[in-house]
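This report describes a sheet and some aromatic rings. The structure is shown first.

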Amino acid sequence: MSFYQHTLANGLEIIGETLPLAQSVALGFFVQSGSRWEESSISGVSHFLEHMVFKGSETRSAQDVNREFDAIGASFNGCTSEECTVFYATLLPEFQEKCLEIFADILRPALRKEDFDAEKQVILEEIEMYEDAPPFRMDEKIRQAFFGDHPLGNLVLGEPASVENLSLARMKEYFEKRYVPQNMLLCVCGKFDFDEVCAQAERFCGGWSSDSAQENTSATTIIKKTLPQAQFTPKLGFFPIRKPHSAQQYILQLSRADGSTARKRLAGRLIDSILGDSSSSRLYWRLVDSGLAEQATLSFNEFSDAAYFSAGISCDPSVAKRVLEEAEEIFQNAQKGEIRQEELALAQNRVATHYILGYERASERMFDLGWSWLARHEYISIQEETTMLRSITLEEIHSFLRANPILPALVFSVGPAKIA
């Protein structure tokens, strides 16, 4: 295993990690383009633009893009979050050069008017689909309420009105500011030669203009240094949202956490494993294994400069109040210092296994490595991470919960049940 880093003359950064036993290569272009960077008038433009990239360039149609990726056997896609958009593929090493050439081409998309108009309807239907499906897009809505005016609360898909009113000219303006090489990262993991990757990237991406970046220096700050913890006052309280025709009750809960250091992020992940792992945790044994709830999890989530705990529970409406009370008791007991050493040891084993399995998959490791570098310019090897994970003490877990209590929290109860 070796880690590499190089920056092209135009500012495009390239990182890579070879995996000794890998027989495939995963590569991804990470663009600092997501909902936190959007004004309300163009909410959803990052996600919309992700779709448009796959519509092709001046030399490729959407059909050409799909056909050429299929011809090299690549598993490819894109995704957009609050802080970045990623265009990625997993493939055999002998097709790496062709894959880079295709991505480099479509990352300078044609943005044709006919494609824009057609895809706008697809995006609006996607938003409508999520509005109709349980838990009724509440995961985004609760985050929006939790972060309030902070841009981390912006909706990734946007609002129907903002997407409907978005013009092609505004999209092009946004593209010119965000898709500059200084605001992008190429991450490669698996079986590859880094010098070859850099030479190929120079050939295909070296001509990308970087002029617009000078007008958008704040956009690249997060790539160049770690930001302080995001300043926001989280919203707290209980908010019932009646959905009379829902077959289940959905309980969503958010509370602030600390992700400012690697050790604190690991402590947060161990806590979510102890309390809310989907197959072996306090929530699982108390609520799911007993048959009270269909699902009950707690997860530690992080942005580049903020972190939070999120709990998600689904159950029959008739037992919703009891389920909520029992979940609260679990969190309160943990905050009182009742987590045991044997629970921590089991969680360390589970999380370490999860990390090692992810490391063995080139695509999964590529996402972890790329996001960590984009957010914090930080590289931690899998050996360093697992060693640090196992060194987390029980006192660190208790200290973390004292400083970052899961309760009080922002709670949305979605469904037909009336919960006082």
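At 2% relative accessibility, Phe 147 is buried (buried means under 20% relative accessible area, exposed over 50%, partly exposed in between, with a 1.4 Å probe and protein chains only). Tyr 308, at 10% relative accessibility, also counts as buried.

The model is predicted: local features need pLDDT of at least 70, side-chain atom pairs count only at pLDDT 80 or more, and totals for chains, interfaces and linings use all residues. Residues are numbered from 1 along each chain as its sequence is written, and side-chain values use heavy atoms, leaving out hydrogens and water.

The structure holds 26 aromatic pairs (rings of Phe, Tyr and Trp, the last by its six-membered ring, pair if their centres lie within 6.5 Å; planes under 30 degrees apart count as stacked, over 60 as edge-to-face and the rest as tilted). Two of these pairs are listed here.

| Pair | Centre to centre | Angle of planes | Kind |
|---|---|---|---|
| Phe 3 and Tyr 379 | 4.0 Å | 15° | stacked |
| Phe 147 and Tyr 308 | 5.9 Å | 85° | edge-to-face |

Phe 147 lies in helix 5 (residues 138-147) and Tyr 308 in strand 10, 161 residues apart (helices, H or I of at least four residues, and strands, E of at least two, are DSSP runs numbered from the N terminus).

Tyr 308 stands opposite Asn 301. Strand 10 (residues 307-315) pairs with strand 9 in the antiparallel sense over 9 bridges (two strands pair if DSSP finds at least two bridges between them). Both strands belong to an open sheet of 5 strands with mixed pairing, in the order 7-11-8-10-9.
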